[in-house]
Amino acid sequence: MAMIESNVIPDGPITLASRTKRRVFPADSSVILVGCRGAGKRTLGFIAAKHLGRRLVTEDHFFEQSTGCSRATFLQKYGRETFNQQMAIVLARMLKLNQASCVIECGTGTLSPDMEEILKSYVETNPIIYIHRDKDDLYKLLRLPVADAERLLVTDQKHRDFSNLEYFNLFDPSGEGQATEDSQLRSALTSSAKLVGAKQDFKNFLDHILGHGLTRSWVANPFSMKAIPPEYRNHTYVFCLRLSTLINLDVDLAILEAPGEAVELIIDIWPSDILDLIATQVALIRRKLDLPIIYSVEENPREERKRPLEERDAMDLELILHGLRLGVEYLSLDLERSTGLISHVLAMRGRTKIIGNYIIKGFGAPQWTDGIYVERYLLAQQLGCQIVRIARFCAVDRSDELRQIFIDRIKALPEPKPCIIAYDFSVFGVVLPFQGETMNPVGHDSLEKSAREQMVGVSTARGTLRDVFRKGRLQPLNFYTLGSNVYYSASPSMHRAAYEHYMMPHTFDARRCTSFEEVDRIRREPGFGGASLAAPFKVAIMPRLNHLSSHAIAIGAVNTLLPLRGDTDSILDHANARNRAGAATKFYGDNTDWSSIVTCLRRAISPRNSVQPSRTTALVIGAGGMARAAIYALIKLGCRMIFLSNRTRGKADDVAAHFNMYALEQRLLGRQNEGPVCRVIDSASDPWPEGYQQPTMILSCIPASGTDDNPPVDFRMPSQWLRSPTGGVVIELAYEPLITPLVVQVRKMREEGNTSWVIVDGLEVVGEMAMEAFELMTGRQAPRRLMRRVCNETWEKTYAPFQPQR
């Protein structure tokens, strides 16, 4: 493994370097993307610019503006030496003029020493992200002779020398979920477009390195999985995954879904291509498991050779710094390592949280009441660790009471202070995995325990949760779908399958309710866990709730009801009171309909129909609670021209006025669009409004029953509204019946050759809604593949035989 010269470990005591070297940049500092041709910089640059609301600056365009000709023409005209000199001049000028509030794509496929030095001068002030991808994918993309491709890749590796962050652009042909092609009745594919996964991964990466992640998640929903870090939640588990296991895994990593609240990636082997290998595996974990990563470099891995101290520190420092470059959420750092190594790592941590580790090994380890544990905790706090993890070896002298005394001493210390994780372990791994309430190490049923593993025994997150419920620390609860027409709901089977996955003894039932008295009686039961709301309660219940999410307020409707059982008014207390029974007098209302619709739209929208505020139009059929969520989803996607069609014009006018006022309050209208966001079409017989493009997103929000002042379910789309030359997406939110006249109409268009229209049926949307509701109600990551499969199986078994065969 090639060593990086700057990773020389200094001698002396542990010190903290200046803040400028810690990968914490000014909030408005421009993001600089570097990497070889074909790495995906331009695509990721567009994604970053849109997500951050910044201007995209590309080097090839800037070069042409500065010189009056393209790079290829300049090279041919003046030769390589002059070209390299000019490239350096252009790069320096481009970076100087755009140092703030931009995303800069640097075409650094051809590197010169001058260009390297220019980029190095920005390492302490700007995030410089090295973008790279799998070399085999690059070969196929560029279609270069092998010798030329190898030279390109050798040059590409130099980008690590003058960048401070790294992103592996993963190509994943498997997509997400399962296709529905097997059923002749289904209309949609639930596999995500590959670019959708790449977009979300890169946006999450940017949010983390820029410090926006928690803020965005908290604003979006304070009860969401990503709004509260796992160290602040109760009964959280860390899935330990060794690199040696990961590279030999013969199954799709996505099969190991919902294994815990975080993944600890343990680096325990050192192959020759270790840096690229780690970057690939980090990208795979993010894409497949969507969990925060704890990055851990094992000092003395079992079954590996023993390294001299100097070699071990040099190798491990490079590996640790590589993890920081990859922007992992947490880094596990053994605080008994060399002081120079610790100082270097602490100085370069950036936004990564440091878990200060102490492992007390050997027989006769001091008991938890010994002062050494508090001393080590305080030292870790002094060093700036956000979390302290202490593992004590024990044979027969384990005492939960003494360990609890130690934890209570730590809790009594003044705030702010690091979170504490403390547990006993033996030769078989952690003793009693539910010793503590936070981030206990666990394995997975599908993986055999590695002979290299020291901490993880036979415990899994689901098995441990079962024991927690059996011991009464958490209680069984009853969850519901409540509404006047919920007999056909697919939600109960999905929730029950997810409870079984986690071995949680909850129940979920569809309960027909027509009055608030019935809803109040259910929600005030001690065992009430939460409910998904359907008509007629989505809008009418809002005045009866104590707290509402920002989304519910903006939409003017609620679809998720949660009891608030926290001891204080703190959101954290309420969140940690989930899965606990007791009287509830306060309730929280949220709306996840909109985010489920956004997820489905993002999967289905083709690149040529990507949302452009100044051009894209959308059509919403209906004016009830679901139509409100659909409009809000379209606004969140950036659509600023939304048309409504509803049988009752007055109700449509009210909904349009609500969102036009919202758009004004949020200052969503730009100079190029002076009109309202929402407009109402008088009649289905009207032509499409003149001066506007045909809609490329159509959402039918008509209840299956045809109630609530909406058109009946046999509504057919006027053909004059379906003439988009680039097609679009039709989302049918009704799923009983699943094959509505609108679905039949669009299918016929596709059969006649207009295949640019994509149909998303109601079953796909309701599946997304159930997954989001599960996470809000239980505080656990939804087992998405399982819930999606159960949703499809339930529908096939219960409803498919009665569907129109068209």
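Select Asp290 to begin: this residue follows helix H11 and has a positive phi, near 50 degrees. The model is predicted, so local features need pLDDT of at least 70 and side-chain atom pairs count only at pLDDT 80 or more, while totals for chains, interfaces and linings use all residues. Residues are numbered from 1 along each chain as its sequence is written, and side-chain values use heavy atoms, with hydrogens and water left out.

Next, select residues 274-289, which form H11. Helices (H or I, at least four residues) and strands (E, at least two) are DSSP runs, numbered from the N terminus. H11 has 16 residues and spans 22 Å from its first C-alpha to its last, close to the 22 Å expected at 1.5 Å a residue; the expected span is 1.5 Å times one less than the number of residues. Of these 16 residues, 14 are buried, so H11 is largely enclosed by the rest of the structure. Here buried means under 20% relative accessible area, exposed over 50%, and partly exposed in between (1.4 Å probe, protein chains only).

Ala39 counts as buried because its relative accessibility is 1%. Leaving aside residues up to four places away in sequence, Ala39 touches Ile131, His132, Arg133, Leu138 and Asn169, where contact means heavy atoms within 4.5 Å.

The next stop is an open sheet of six strands, in the order S16-S15-S17-S19-S20-S18 and with mixed pairing. Strands S16 (507-512) and S18 (547-548) stand at the edges, each with a single partner strand, so one side of each lacks a neighbour in the sheet. Two strands pair if DSSP finds at least two bridges between them. Two bridges join S18 to S20 (residues 586-590), and these strands run parallel. Select Leu548 to see the residue that stands opposite Gly589 in S20.

Finally, select helix H18 (residues 516-523), which lies across S15 (478-483), S16, S17 (528-533), S19 (560-564) and S20. Which residues of H18 are buried? They are Phe516, Val519, Asp520, Ile522 and Arg523. Seen down the axis of H18, the buried residues fall within an arc of 165 degrees, so they line one face of the helix; the arc is that of the directions from the helix axis to the C-beta atoms. These buried residues pack against S15, S16, S17, S19 and S20. On the other side of H18, Glu517 and Arg521 are exposed.

How values were computed:
Axes fitted to C-alpha atoms, helices over the stretch in contact; angles between N-to-C directions.
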